[in-house]
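Here are my notes on this model, point by point. Please keep the structure open while reading.

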Amino acid sequence: MLTLIRNALVYSPQLLGLQDVLFCGSNILQIAKGIKLPNAVWVKEVDADGCILIPGLVDPLVHITGGGGEGGYHTRTPEMQLTDATLAGVTTLVAALGTDAVSRSLNELVIKARALTYEGLSVFCYTGSYEFPVKTITGDVTQDLMMIDNVIGVGEIAIADHRGSQLSVAELARVAAQSRVGGMLSGKAGIVFVHVGDGASGLKLLHQVAQQSDIPLTQFYPTHINRSQPLLEQGVEFAKKGGVIDFTTSTNQHFLNHGEVSVVSAVKFAFEQGVELSRISLSSDGNASLPVFDSAGECIGVEVGKVSSLFNAMQALIISGFTLEQILPLVTSNAARNLKLKRKGGIGLDKDADFVLLDHKLAINKVWGKGQLLVDNGIAVKRGTFELY
């Protein structure tokens, strides 16, 4: 079956204007005005009527198997379901473990990623977790990248955080070297995705590795950079040196009250400081635990990160005064480029048929993943195996 989307305002994420888009399965066949096809049962036409067609969103950090809760065993967060992503326009994501690499395993992560891929998403994985020595599947970081198809890097390695392993410069350099070589040999990114906590050292360790070893600063992809204003300022310096920084869209009032910078404010600050928007990405940290603490520092509750926060942040940035063309790369092409997901993050003949059709109010109308219709008229038409209809 061929599908032809007619008369859509296409962002690739750059504005292409009103276009028709023809695709079959996961392959985009033609992007042009006035594509002519016979009226046949094997052609399905979608009249977009000037609605906006954008690439499927790319989320570089989701805890698809859930995370370890910081209030004990009963606060472990739940697994992600298919529609958590599709109803939010996310068609590609990268899965990670976090603090908990005991009750949540890499085997489980890779298998869950394959299950979600079967159901309609494109899901990749980081090997490792917060810990050092790095936990792997094969026993070696380089082997994981070379031998496991959906493993593309290491993460979330934790720095500047009491929950991390307090790595030395030499230890982090060794992890980065193994990931770098694994990426080179497998044609993958081999990126080191870095969880940055609220410790005063911030990004200092990454700069030390770059200064004291042959590992370039761009080997690292730090996230949670909007955790505080001082860290945001360090992130600006990192981005100006050629790196990509990642802001987290899932939050709660507790974090904002204690110094976290909202995504809108963080993007505006970085932009005003001269950071190119191509150096910024957003991630949801979906299904991570968001602990709530009392005045004594005791955890009194746990909230759960939402994949949908990625799309909500995009809308908020547009409302704040940015254009759609400016903001789309932050949730599509920037992460795809940095992670070497060459067929993701854009609309073109060399890309997969991952689309989101927005109405005139920027609400999600339809979502396609690898050419399969997943959401229609804002309603999930494909649900996960164990999701209730």
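1. Start at the second largest pocket. α4 (169–186) and α11 (333–338) each supply at least two residues of its lining. α4 gives the most, with three residues. Helices here are DSSP runs of H or I with at least four residues, strands are runs of E with at least two, and both are numbered from the N terminus.

2. A word on the basis. This is a predicted model, in which local features need pLDDT of at least 70 and side-chain atom pairs count only at pLDDT 80 or more, while totals for chains, interfaces and linings use all residues. Residues are numbered from 1 along each chain as its sequence is written, and side-chain values use heavy atoms, with hydrogens and water left out.

3. The second largest pocket has a volume of about 230 Å³. Its lining includes Arg180, Gly183, Met184 and Gly187. Arg337, Asn338 and Lys340 are also among the lining residues. By class, the lining has three nonpolar, five polar and four charged residues. Nonpolar covers Ala, Val, Leu, Ile, Met, Phe, Trp, Tyr, Cys and Pro; charged covers Asp, Glu, Lys and Arg; the others, Gly among them, are polar.

4. How are pockets found? The search runs on a 1 Å grid over the protein atoms alone. A pocket is an open set of points where a 1.4 Å probe fits, with protein on both sides within 12 Å along at least five of seven lines. Lining residues have an atom within 4 Å of a point. Points are joined across faces, edges and corners, and the volume is the space filled by probe spheres set on them.

5. The largest pocket holds about 700 Å³ of space. It is lined by 30 residues, and Glu70, Arg163, Arg227, Phe255 and Pro291 lie nearest its centre. α7 (253–257) and β14 (289–293) are the elements that give two or more residues to this lining. β14 gives the most, with four residues. The lining has six nonpolar, 15 polar and nine charged residues.

6. Back to α4. Its axis and that of helix α5 (residues 204–212) come within 9 Å and cross at roughly 75°. That makes α4 roughly perpendicular to α5, the label for angles of 65 to 115 degrees. Axes are lines fitted to C-alpha atoms, for helices over the stretch in contact, and angles run from 0 to 180 degrees between N-to-C directions.

7. Which residues of α4 meet α5? They are Val169, Leu172 and Ala173, facing Leu205, Leu206, Gln208, Val209 and Gln212 in α5. Contact means heavy atoms within 4.5 Å. The residues of this contact divide into six nonpolar, two polar and no charged.

8. Now the sheet. Six strands form an open sheet in the order β6-β7-β8-β9-β10-β11, with parallel pairing. The edge strands, β6 (57–62) and β11 (220–223), each pair on one side only. Neighbouring strands are turned by 30° against each other on average, direction ignored. Two strands pair if DSSP finds at least two bridges between them.

9. Within this sheet, β9 (residues 151–159) and β10 (residues 191–196) pair over five bridges. Ile159 has Val196 in β10 as its bridge partner.

10. The peptide bond from Phe132 to Pro133 is cis, with omega near 0°; Pro133 sits in the loop between β8 (122–127) and α3 (141–147). Gly155 and Glu156 are also joined by a cis peptide bond, with omega about -20°, and Glu156 lies in β9. Asn7 is not a glycine, yet has a positive phi of about 60°; Asn7 is found in β1 (residues 2–11).

Definitions and conventions. Parallel < 35°, antiparallel > 145°, perpendicular 65-115°, else oblique.
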